[in-house]
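Please consult the sequence and the structure shown below while reading.

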Amino acid sequence: MVDSVTETVTITADEAGSRLDRVLAAHIATLSRSRIKSLIVNGQVKVAARTIRDPAASVNSGDVVTVTLPPPEKALPEGEAIPLNIVYEDDAIIVIDKPKDLVVHPAAGHTTGTLVNALIAHCGASLSGIGGVKRPGIVHRLDKDTTGLMVVAKTDKAHRALSAQFAEKAAGPLERGYLAIVWGAPDRPKGTIDAPLGRHPHTRDKQAVRKAGRSAVTHWQVLERFQGADRKAVASLLACTLETGRTHQIRVHLAHIGHPILGDAAYGTGFKTKASRLGPEARAALEGLGRQALHAYLLKIEHPETGDLLEFRSELPGDLRRLYGALHIETREAGREPRK
């Protein structure tokens, strides 16, 4: 039987008057604010010896707050024999190369056939339960139609250590790199997008740049520029790295600077007519893509138990290779070499 875990936080003078849930989220990197709210409402948080059930309760300087984390719950989703492309595995972690069309965890409309179902079948009882009954072992996510590298925790210790790395952002060893084929060609070789993100004001399943949103930083670099049938710049291959991991971050940020990802039905709809500037092979590759041209190609982490720095890389999957190849060939046929 796994015992519960207790976290203790002492409130500083600068934090006096702040919301309880906000202060705890700042101190306990392994827990999301929504998880902290749930713990408070369920009576798992005490100030001194008094149970507090209001996430908005104000804290005072010198308060000692105790948070009790219940033992990890047994995962409710059932294991399913779904093939996994395993890049690395040991007793603590498993790194997989996620294909397109695979949802990470069960949710409304996707109660089966997810990565979690596949992981339960593969890992069995060794999968960390900290993420909750529907997200065992899940430290970070990729969108359903984004391919590439993900790390999953097989133990609670590994889960806490990996979560801390993801929370440290630029200060830690973690690095996440993505390849994106975008419309247009930036006028600089590289840049940084520092624009806060929040829920879209009119479409709840989308994100948008919002002044009052959460901090979000994406670095990008042009790897190649491609010419269309009219011999003008039509698309680019970018390498993107994240300092933060907000929902749809790269997709929203690139659209925000006027270079949405090819095939992105949510954030690139205004660029559909640009497909007419592609040659026949690139246009056919794009029409057959059926998803955003985004791939998580690089993952660097510190092993949660040994401390070793691990680096994993993933080649572009077949559908993106076809699109990239067609753009590359058509650029050369237009009399130019793909260039930075």
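Does Gly-62 count as buried, partly exposed or exposed, and at what relative accessibility? The model under discussion is a predicted one. In this model Gly-62 has a relative accessibility of 45% and therefore counts as partly exposed, since the buried class lies under 20% and the exposed class over 50%.

**Gly-62 and its surroundings**

- Gly-62 is situated in the loop that runs between β3 (50–51) and β4.
- Leaving aside residues up to four places away in sequence, Gly-62 touches Thr-10 and Ile-11.
- A distance of 43 Å separates the C-alpha atom of Gly-62 from that of Leu-119, and the two residues are 57 residues apart along the chain.

**Packing of α1 with α2**

- In general, the description of two packed helices rests on the angle between their axes and the distance between the axes.
- Helix α1, residues 20–27, packs with helix α2, residues 33–41, at an angle of about 125°, and their axes are 9 Å apart.
- This angle makes α1 oblique to α2.
- The crossing of these two helices, α1 and α2, is right-handed.
- On the α1 side the contact is formed by Leu-20, Asp-21, Arg-22, Leu-24 and Ala-25, which meet Arg-33, Ile-36, Lys-37 and Ile-40 of α2.
- The residues in this contact of α1 with α2 comprise 5 nonpolar and 4 charged ones, with no polar residue.

**The buried side of α1**

- Leu-20, Asp-21, Val-23 and Leu-24 are the buried residues of α1.
- These residues lie on the same side of α1, because they cover an arc of only 165° around the axis.
- The elements covering the buried residues of α1 include β1 (5–10), α2, β2 (45–47) and β4 (64–69).

**Asp-21 within α1**

- Asp-21 belongs to helix α1.
- The relative accessibility of Asp-21 is 0%, so this residue counts as buried.
- With residues up to four places away in sequence not counted, Asp-21 touches Arg-33, Ile-36, Lys-37, Ile-40 and Pro-55.

**Packing of α6 with α7**

- The axes of α6 and α7 cross at roughly 165° and come within 8 Å.
- The two helices, α6 and α7, are therefore roughly antiparallel to each other, as angles over 145 degrees count as such.
- The crossing of α6 and α7 is left-handed.
- In α6, the residues Pro-280, Glu-281, Ala-282, Ala-285 and Leu-286 meet Arg-322, Leu-323, Ala-326, Leu-327 and Glu-330 in α7.
- This contact of α6 with α7 divides into 7 nonpolar and 3 charged residues, and no polar residue takes part.

**The two faces of α6**

- Helix α6 spans residues 280–287, and its buried residues are Ala-282, Ala-285 and Leu-286.
- Their arc around the axis is only 100°, which means that they are on the same side of α6.
- These buried residues of α6 pack against β8 (175–183) and α7 (318–333).
- The exposed residues Pro-280 and Glu-287 are carried by the face of α6 turned away from its buried side.

Conventions:
Residues numbered from 1 in each chain as written. Predicted model: local features only at pLDDT ≥ 70, side-chain atom pairs only at ≥ 80, totals over all residues. Heavy atoms only, no water. Axes fitted to C-alpha atoms, helices over the stretch in contact; angles between N-to-C directions. Helix = DSSP H or I, 4+ residues; strand = E, 2+ residues; numbered from the N terminus. Parallel < 35°, antiparallel > 145°, perpendicular 65-115°, else oblique. Left-handed = near helix turned anticlockwise from the far one by under 90°. Contact = heavy atoms within 4.5 Å. Nonpolar A, V, L, I, M, F, W, Y, C, P; charged D, E, K, R; others polar. Buried < 20%, exposed > 50% of the residue type's maximum accessible area, 1.4 Å probe, protein only. Arc of directions from axis to C-beta.
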